Amino acid sequence: MSRWFCPNPASVAPGVLAAQVIPPGIGTMLQPSVISERLKEYFFPNAASAVFFSCTREGLLQMAIEWFSDRNIFMIVNGPMSQEWYDIADDCRGNVTLFDTAYGAEPDISALGTELQKEKYDLLMFTETDVYAGTSLNAAAVCAEFRSKCPDGLIAADISGCVFCGFDEAISGIADICLCASEIAMGLPPGLGTVVLNERAHTRVLAHNIENRRYFNYARKTVSRSVSALDVPVYPLLNALNEQIDTVLTEGMPARVQRMTDVRNYIYEWANLHSFPMLASPQVSALNASAFELPVGMVPQDMVDFAARYGVFITTSVGQMPKNSIIIYHGNDITMEDAAALTRVLDRFLVDYDTRRRNIPLSQLPQEQKV
């Protein structure tokens, strides 16, 4: 059972961790080309290629920015994860136009269309699920609006926070480029970056980067990955990814989605019971992450520290989120039993720290339970 509810790095299942100790050349050790075919077959049926890089999410995002550093980029920022992408682009001095959306709110599609009409854009970049703000964009609507205004442009989606490696027919069928880091929704340790492209993007990115001499070069990686050991990601993470794919397929995506939905609803009900407002509006709430605000006078770090004493790990707000926020990541292998253990610990915290309870009769307070 997992007691790790922090989003990045997210919890890793014991079986996935154990798969990393398989020595090279023994058992199920796979080549990148083999595991990429598995990804395309089961999770990205419209993809032309899936390529792996040895890098964290920050490196993956910077690589994507550098691919299009001389192009006109339109970027949607709606949470800490997309804000980080924009900050990286700003550091790289990319030609980026920002469309800023309030954290936890649904983007205004009409306003988006108005902004897109101002000039021609070569690339749309957005983060589909922000596990810090607990939100998921309506990717289909956003992509449709961009396509209508910029039919020749490409769409790049950071799907690191999706239910699993971007398994979403809307994403894999709409976005031209999907970027996914291993340390969040893929349920692996950090260090493995994945880029999935459809035929349209594969051809254009390959041609655009053919003269680029940087190490993180798509064209170079595509050509040399089968002949150079230097371009092969560390084999333990490939074994772990192979095990994670088996786990997801065994559970089944419908069952996986339903489990995450049940856990999210349980946490939402608990937060509503204690009058903690959720940061995300119902229209954009994510399946695998939640963020709620504590009342004035209650210190988020106190709740985090108290939970850690019982072996339950959560985290506070990041970036421009409200400073009184608590973030709970309940994706990957988190179950209802894990969620119940979490709320029991938090209820115990509230007995001593929730000053609003002082005016409530003792008989009406929730009974303390053992963790």
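A: Start with the contacts of Pro-151. Setting aside residues up to four places away in sequence, Pro-151 touches Phe-146 and Arg-200. The model is predicted, and everything below is computed from it. Pro-151 sits in the loop between H6 and strand E7 (154-158). Is Pro-151 buried or exposed? It counts as exposed, at 52% relative accessibility. The cut-off for exposed is over 50%, and the 52% of Pro-151 passes it. Its C-alpha atom is 9.5 Å from that of Tyr-121, a residue 30 places away along the chain.

Now compare the cysteines. Cys-150 has 4% relative accessibility and counts as buried. Cys-143 is also buried, at 1%. What about disulfides? The count is zero. For Cys-143, the nearest cysteine sulfur is that of Cys-178, 9.1 Å away. A disulfide needs the two sulfur atoms within 2.5 Å, so Cys-143 is in none.

Helix H6 spans residues 139-149, and Glu-145 lies in it. Which residues does Glu-145 touch? Beyond four places in sequence, the contacts are Ile-109, Leu-112, Gly-113 and Leu-116. Glu-145 is itself buried, with a relative accessible area of 16%. The limit for buried is under 20%, so Glu-145 falls on the buried side of it.

The chain has 10 aromatic pairs, by ring centres. One of them joins Phe-74 and Tyr-121. How is a ring pair described? Two quantities do it: the distance of the centres and the angle of the planes. For Phe-74 and Tyr-121 these are 5.0 Å and 65°. Planes over 60 degrees apart count as edge-to-face, so this pair is edge-to-face.

Phe-306 and Tyr-353 lie 6.4 Å apart, centre to centre, with 70° between the planes. This pair also links distant parts of the chain. Phe-306 is in helix H12 (residues 300-309), Tyr-353 is in helix H13 (residues 336-353), and 47 residues separate them. Phe-306 counts as buried at 5% relative accessibility, whereas Tyr-353 is partly exposed at 37%. These two rings belong to a cluster: ring pairs link Phe-306, Tyr-310, Phe-349 and Tyr-353.

With neighbours within four places left aside, Asp-302 is in contact with Phe-349 and Tyr-353. At 32% relative accessibility, Asp-302 counts as partly exposed. Its C-alpha atom is 9.9 Å from that of Thr-316, 14 residues along the chain.

Helix packing supplies another view. How do helix H2 (residues 32-42) and helix H10 (residues 235-251) meet? Their axes come within 10 Å and cross at roughly 25°. An angle under 35 degrees counts as roughly parallel, so H2 is roughly parallel to H10. The crossing of H2 past H10 is left-handed. On the H2 side, the contact is made by Pro-32, Ile-35, Arg-38, Leu-39 and Tyr-42. On the H10 side, the residues are Leu-238, Leu-241, Asn-242, Ile-245, Asp-246 and Leu-249.

Last, the whole chain. It has 13 helices and 12 strands. Of its 371 residues, 54% count as buried. Take the contacts between residues at least 6 apart in sequence: 70% of them join residues at least 24 apart.

Conventions:
Residues are numbered from 1 along each chain as its sequence is written. This is a predicted model: local features need pLDDT of at least 70, side-chain atom pairs count only at pLDDT 80 or more; totals for chains, interfaces and linings use all residues. Side-chain values use heavy atoms; hydrogens and water are left out. Buried means under 20% relative accessible area, exposed over 50%, partly exposed in between (1.4 Å probe, protein chains only). Rings of Phe, Tyr and Trp (its six-membered ring) pair if their centres lie within 6.5 Å; planes under 30 degrees apart count as stacked, over 60 as edge-to-face and the rest as tilted. Helices (H or I, at least four residues) and strands (E, at least two) are DSSP runs, numbered from the N terminus. Axes are lines fitted to C-alpha atoms, for helices over the stretch in contact, and angles run from 0 to 180 degrees between N-to-C directions. Angles under 35 degrees count as roughly parallel, over 145 as roughly antiparallel, 65 to 115 as roughly perpendicular and the rest as oblique. A crossing is left-handed if the near helix is turned anticlockwise from the far one by less than a right angle, and right-handed if clockwise. Contact means heavy atoms within 4.5 Å.
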